[in-house]
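Dear colleague,

Please find below the structure that I am handing over to you. My notes on it follow directly after.

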Amino acid sequence: MIKRIWLLPWIGLLVSLPAAAAWQVNLSPGSTEIARDIRELHMIIFWICVAIGVVVFGVMFWSIIHHRKSRGAEAHHFHENTFVEILWTLIPFGILIAMAVPATATLIRMYDSTEADLDVQITGYQWKWRYQYLGHDIDYFSVLSTPREQINNEAEKGEHYLLEVDNPLVLPAGKKVRFLLTSNDVIHSWWVPDFAVKKDAIPGFVNEAWVIPEEPGIYRGQCTELCGKDHGFMPVVVEVKPQEEFDQWLADARSAAEAQAAAAEQDWSLEQLMERGEQVYNSACAACHLPNGQGVPGAFPALAGSPIATGDIGPHIDIVLHGKAGTAMQAFGAQLDAVDLAAVITYERNAWGNDTGDSVSPQQIAELNQ
Amino acid sequence: MESTLGQNLGDTHHAHGPASGIGRWLFTTNHKDIGSLYLWFSLLMFLTGGTMALLIRAELFQPGLQLVQPEFFNQMTTMHGLIMVFGAVMPAFVGLANWMVPMMIGAPDMALPRMNNWSFWILPFAFAMMISTLFMDGGAPNFGWTFYAPLSTTYAPPSVTFFIFAIHMMGISSIMGAINVIATILNLRAPGMTMMKLPLFVWSWLITAFLLIAVMPVLAGVVTMMLMDIHFGTSFFNAAGGGDPVLFQHVFWFFGHPEVYIMILPAFGIISEIIPTFARKRLFGYASMVYAIGSIAILSFLVWAHHMFTVGLPLAGELFFMFATMLIAVPTGVKVFNWVATMFRGSMTFETPMLFALAFVVLFTIGGFSGLMLAIAPADFQYHDTYFVVAHFHYVLVPGAIFSIMAAAYYWLPKWTGHMINERMGKIHFWLSFVGVNITFFPMHFVGLAGMPRRIPDYALQFADFNSVASVGAFIFGLSQLLFVYNVIVCIRGGARATDRVWEGAHGLEWTLPSPAPYHSFSQPPVVK
Amino acid sequence: MAKEPDKGGLLKTLQSVLAAMFGVQSERRRREDFSSEKPWRFILAGLIVAAAFVIFVMLLVRWALSLGAA
């Protein structure tokens with residue numbers, strides 16, 4: 001049939017596309033032992049499928065070409081052969097068993113999360129990740145750092161568009177790290193393709209996963225379970241450092257946390273709070289309430305001119321600290337420190353024409369947020 | 001006297017033909033009318049869901065947010081999935097069953113004609129309600145067609161309640177449709193039409209109907225549990241109250257996996273009718289086909305958690321569902337071998353229905369291969385919730401279920417309308433669809449493996465090229481479906497007269513009726529030798 | 001109408017059901033099966049075989065795990 005020639009340029013296109021380097025067509029080669037094993041499983045099953053496909057489609061196209069009426073083919077009236085049927089059932093059966101053996105072995109190793117050198121608790125939030133180094137007093141959030149302008153096509157997109165964060169997860173190379181995954185709100189899923197680690201973060205439950213990162217470097221992934229509006233905007237970035245650099249980083253992070261605590265003791269002016277509050281607002285609140293405080297009607301209430309942000313200050317502080325049950329409004333008391341909370345509440349009460357003139361000090365917040 | 005006689009004659013005549021006006025469609029109990037209603041309804045839903053898909057693909061044409069905001073994007077992916085599954089594919093199969101099952105088994109009509117009318121007329125209201133949520137405060141459901149809790153309970157927009165009610169209505173409609181199919185097949189077969197002579201389409205629908213009755217109540221149960229959590233203070237899916245969000249997924253997929261087979265078994269039946277006709281050869285291994293459909297149906301209840309490999313199942317659970325899923329691949333493979341063996345040494349011609357059926361065999365098998373890959377639990381950790389999965393299930397649903405529906409429409413349209421289809425236009429529609437479908441969904445395998453998660457409105461730059469290709473393909477595929485609408489309308493309005501047999505190699509009771517089939521067929525049961 | 005004598009009984013029913021699970025059956029056996037007037041026999045056997053399948057896969061998992069642990 002002449003018309004099948006249409007297919008040729010199309011097949012040619014598909015074959016030639018992967019040749020271009022930018023068009024990644026296959027799983028990441030993997031940078032851990034487990035990831036390489038999985039990639040190998042993937043390639044074996046892929047080639048098995050290709051082989052079966054060649055045989056089945058080969059017979060089919062051979063029949064299409066040779067057993068067509070226009071060539072004078074007469075139908076042969078056979079319609080059963082139990083022996084052949086049993087044969088072609090047993091063969092795939094055997095192939096599948098052969099496939100199940102290495103798959104089972106890999107899976108058993110993936111589930112062995114014992115004897116970890118470092119435990120990191122990963123908590124999913126709408127729409128950011130929280131990393132807590134258990135036993136090291138380090139606890140921070142990791143938020144998308146791609147500027148809004150790039151997303152809205154008002155600026156050139158950077159190299160790591162949507163795959164960059166303010167504070168990556170930092171891990172030591174060559175050590176077994178165990179992840180304890182949970183969530184604060186809906187189900188998220190934490191995935192780094194190069195590690196072949198993907199595990200759901202489920203509110204109220206703790207899942208385990210582990211990795212032994214081999215090479216220092218930066219590894220990127222994303223949330224893979226639909227978790228609401230900004231599901232596409234909560235990437236995972238892991239920075240693997242050699243052991244000495246990792247130890248240095250741990251020490252630095254600890255002293256930064258102490259400096260932060262000291263800042264809460266200082267006195268802050270309204271202007272300072274407003275300036276800091278705007279930054280905090282844009283990273284923690286603007287996703288729902290929008291940068292202009294207008295919210296999304298029916299889903300996320302406006303703050304500009306709202307009774308909460310312009311009325312009595314008590315309920316305003318309360319809702320920011322403790323959230324609102326049954327809605328997407330989270331309890332930020334546990335997520336932000338006293339300075340940031342004071343700044344953002346002050347900002348919300350004075351921005352977008354709210355102009356209440358109120359300001360809240362970090363000390364007041366610290367007292368309320370016990 | 002004479003006038004009375006005339007009136008009587010008129011009445012008698014009236015009783016044998018359709019009523020006139022809108023009443024014909026509102027009050028009809030005729031299986032052909034109801035079948036047509038189902039088919040038109042599903043075509044309308046197919047175009048609606050397709051428009052949403054094009055909106056999604058248009059947004060994904062380039063990185064960055066251009067056309068829609070993320071919250072609306074999520075509503076589109078959710079509504080696209082729900083409309084295509086419950087509004088397009090399932091009603092189309094029910095419509096085909098309504099038209100063809102009585103004609104294939106030599107029955108005058110469906111067994112329960114009034115219930116038949118009701119089960120159809122529920123649907124437009126259910127979908128009107130579901131689509132109306134798009135215009136509500138807070139927007140339509142935005143939690144994906146799988147509506148995982150707690151995103152669909154605690155964090156859902158207020159319209160979720162309407163969504164739950166709509167799902168209940170669709171469930172009632174499906175269950176009644178299924179009861180009707182079973183009652184018809186078991187009770188209204190013509191003398192001599194024993195179970196072992198049933199056409200494979202009828203067999204596949206009989207088993208599908210049992211699946212529907214088994215799992216639609218499970219779906220109703222899970223949405224009711226959601227309703228209780230949202231409005232009545234229960235905590236089925238809320239860990240804070242002692243519930244478990246993963247319970248939702250277990251119950252949902254206990255419905256969801258058999259649902260996958262509900263959408264593909266009737267397609268197997270259709271393809272098993274078409275290939276023998278155009279290969280002019282009996283179906284190879286009819287007995288095996290029937291038994292394989294039965295075994296697939298039973299096993300489909302034992303593999304649900306392969307959709308949940310990353311939720312943290314215990315190791316034994318992972319292994320159980322991996323082994324069971326790999327085993328279920330065998331009977332599915334057998335069906336493909338049988339179709340190929342039917343073609344082997346046949347005498348084939350390639351009319352439009354046959355082209356769609358051949359594309360089905362090839363592309364469904366590709367979808368089956370990626371399904372096999374997904375069954376390997378360790379590898380699934382890399383595939384899960386990426387575009388690889390999106391590619392997989394679109395390969396089994398679009399060139400699978402949808403192509404089989406189009407093949408069926410082209411195959412039986414001459415019997416329905418009395419006119420042959422325009423072969424030339426049919427072939428153009430086929431080739432545009434075939435090329436479009438592959439350009440759309442094949443690159444999704446690549447971006448999925450490269451690491452692109454599903455259900456995201458914007459993506460990193462390395463996925464940009466394949467996404468543009470997929471979007472172009474989607475518009476080719478989407479727009480070429482307007483040709484399908486054109487072909488159907490042209491075929492209804494005119495065209496070469498169809499013979500009773502229509503296709504040279506066709507066998508079965510439906511081809512013994514005149515074309516177009518009379519409004520009431522087989523008032524006297526035919527005798528099957 | 002005429003009562004078919006049950007040829008083979010339980011063993012044959014099980015064979016037919018196993019063939020169904022496997023996905024292959026011969027035309028002759030299918031004819032025999034469908035001329036049987038007792039569909040319940042097959043349905044019951046089907047459920048039993050399905051349960052046996054579950055137990056079989058569970059044993060397989062236990063065996064694989066015991067190998068993995070060793």
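Strand E5 (residues 177–183) of chain A pairs with E8(A) in the antiparallel sense, over five bridges; strands count as paired if DSSP finds at least two bridges between them. Within this pairing, A:Leu180 has A:Glu208 of E8(A) as its bridge partner. Helices (H or I, at least four residues) and strands (E, at least two) are DSSP runs, numbered from the N terminus.

This is a predicted model, in which local features need pLDDT of at least 70 and side-chain atom pairs count only at pLDDT 80 or more, while totals for chains, interfaces and linings use all residues. Residues are numbered from 1 along each chain as its sequence is written, and chains are lettered from A and ligands numbered from 1 in the order in which they are written.

Both strands belong to an open sheet of five strands in chain A, ordered E3-E2-E1-E5-E8 with mixed pairing. Strand E3 (138–142) and strand E8 (207–211) of chain A are at the edges with a single partner strand each, so one side of each has no neighbour in the sheet. From one strand to the next, the twist averages 25 degrees.

In chain B, helix H14 (residues 387–417) packs against H15(B) at an angle of about 165 degrees, and their axes are 7 Å apart. Axes are lines fitted to C-alpha atoms, for helices over the stretch in contact, and angles run from 0 to 180 degrees between N-to-C directions. H14(B) and H15(B) are therefore roughly antiparallel to each other (an angle over 145 degrees). Residues making the contact include B:Tyr387, B:His394 and B:Tyr410 of H14(B), and B:Gly426, B:Phe441 and B:Leu449 of H15(B); two residues are in contact if their C-beta atoms, placed from the backbone, lie within 7 Å. The residues of this contact divide into 14 nonpolar, four polar and no charged (Ala, Val, Leu, Ile, Met, Phe, Trp, Tyr, Cys and Pro are nonpolar, Asp, Glu, Lys and Arg charged, and the others, Gly among them, polar).

The contact between the two chains takes 87 residues from chain B and 88 residues from chain A. On the side of chain B that touches chain A, H11(B) gives the most, with 14 residues. That side of chain B comprises 55 nonpolar, 21 polar and 11 charged residues.

Finally, an unreviewed UniProt entry annotates residues 25–529 of chain B as "domain: Cytochrome oxidase subunit I profile". The span is 68% helix and 0% strand, and its end C-alpha atoms lie 36 Å apart.

With kind regards

Notes:
Angles under 35 degrees count as roughly parallel, over 145 as roughly antiparallel, 65 to 115 as roughly perpendicular and the rest as oblique. UniProt positions are given in the numbering used here, feature names are shortened, and annotations may be inferred rather than shown by experiment.
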